[in-house]
Amino acid sequence: MRGQESTSLFKIFKFADGVDKLLVVLGTIGAMGDGMMTPLNFSIMSAIFNSYGKDGALLSHDVVDKYALRLLYVAIGVGLSAFIEGWCWTRTAERQISRLRKEYLNSILRQDVGFFDTNESTSTTYDVVTAITADSLIIQDVLSDKIPNFIANMTTFIACLVTGFMLSWRMALPSVPFMLFIIVPGVVFGKLMIDQAVNVKEAYGVAGGIVEQAVSSVRTVVSYVGEHRTLKKCSQALELSMKFGIKQGLMKGFAIGSIGVLYAVWAFVGWMGSVLVTERGDHGGSVFIAGLMVLWGAL
């Protein structure tokens, strides 16, 4: 399978039928609607700040009711979109994984039985048993959670940038370069964490497979006095997973700690915003929300 790592992501929808394709389209629309929550809310907040901050502004019930209704409409729309997103992607993931498991099992059963006995170094019995469950669960997690989250986050990222420039391009434009201070550490350490997570999964899979094979064939293990050998193999596999887990925790610490640069970025946004409001006469709500939108999109 390692030789096929460059396969297109769309291959994951290989077992989708017409109903699944419809669910994917609806789920994608729902994910995009879900991703619009933050830009829409911040846009309304900008209007609220500008309305209350202008000269002679009065806190009347009409103004409060107007913006409260807008927030209610956004909540209803985003809530429906999030429901459609979650239901459609989860449903299509269950349907496709059910077909995938059947095809996976049929493919395994068509193999020569002797292959699994003579090729112990490459494909042992427990590898086959754990692979059917582990791989299908990973694919199901991608379909039901990772892909919709990616679509929603990308929608938020693009919408935040567009809305920020629409509110105050003078504030959004100088804030864009500072996005790199947030994005680059996340990408770098995220890639390192993914590599360690793969190593941890493989190490745990080996250890779990050893235990599963020993328990399923416990009489044979005891008959040939293989308890100590099995324990030794399992311990070695767990030690390897522990080393990878420590490295993964270190990378996670660096990734979370790098977000601290956000305070420095906020200092610049605050200074730049004050200059635009006092010297350029820009609206405070638009300037504040524009800087916030750019940083939120980066996060």
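## A guided tour from Gly 30

Begin by selecting Gly 30, which counts as buried because its relative accessibility is 4%, under the 20% limit for that class. The model on display is a predicted one. Gly 30 belongs to helix α1. With neighbours within four places in sequence left aside, the contacts of Gly 30 are Ser 81, Ala 82 and Glu 85.

Next, display the two helices α1 (residues 18-35) and α3 (residues 61-109) together. They pack at an angle of about 145°, and their axes are 7 Å apart. The crossing of α1 past α3 is left-handed.

Now move to Thr 155, in helix α5 (residues 125-167). Is Thr 155 buried or exposed? Its relative accessibility is 13%, and Thr 155 therefore counts as buried, the limit being under 20%. Not counting residues up to four places away in sequence, Thr 155 touches Met 32, Gly 35 and Met 36.

The following stop is the largest nonpolar core, a set of 15 residues. Select Met 171, Met 179, Ile 182, Val 269, Leu 276, Val 294 and Leu 295, the members with the most contacts inside this core. At least two of the core residues come from each of α6 (169-175), α10 (262-280) and α11 (284-298). Centre the view on Val 294: beyond its neighbours within four places in sequence, Val 294 is in contact with Leu 161, Ala 172, Ser 175, Val 176 and Met 179. Another core, of seven residues, lies apart from the largest one; select Val 24, Ala 31, Ala 93 and Ile 147, which are among its members. In soluble globular proteins, nonpolar side chains tend to be buried together.

Finally, return to the whole protein chain. How many helices and strands does the chain have? There are 11 helices and zero strands. Of the 299 residues, 31% count as buried. Among contacts in the chain with a separation of 6 or more, 85% are between residues 24 or more positions apart. With the surface displayed, the protein chain exposes about 18,800 Å², of which carbon and sulfur atoms supply 67%.

Methods
Residues are numbered from 1 along each chain as its sequence is written. This is a predicted model: local features need pLDDT of at least 70, side-chain atom pairs count only at pLDDT 80 or more; totals for chains, interfaces and linings use all residues. Side-chain values use heavy atoms; hydrogens and water are left out. Helices (H or I, at least four residues) and strands (E, at least two) are DSSP runs, numbered from the N terminus. Buried means under 20% relative accessible area, exposed over 50%, partly exposed in between (1.4 Å probe, protein chains only). Contact means heavy atoms within 4.5 Å. Axes are lines fitted to C-alpha atoms, for helices over the stretch in contact, and angles run from 0 to 180 degrees between N-to-C directions. A crossing is left-handed if the near helix is turned anticlockwise from the far one by less than a right angle, and right-handed if clockwise. A nonpolar core is a set of buried Ala, Val, Leu, Ile, Met, Phe, Trp, Tyr and Cys residues joined through side-chain atoms within 4.5 Å. Accessible areas come from the Shrake-Rupley method with a 1.4 Å probe; for residues, only the protein chains shown count as cover.
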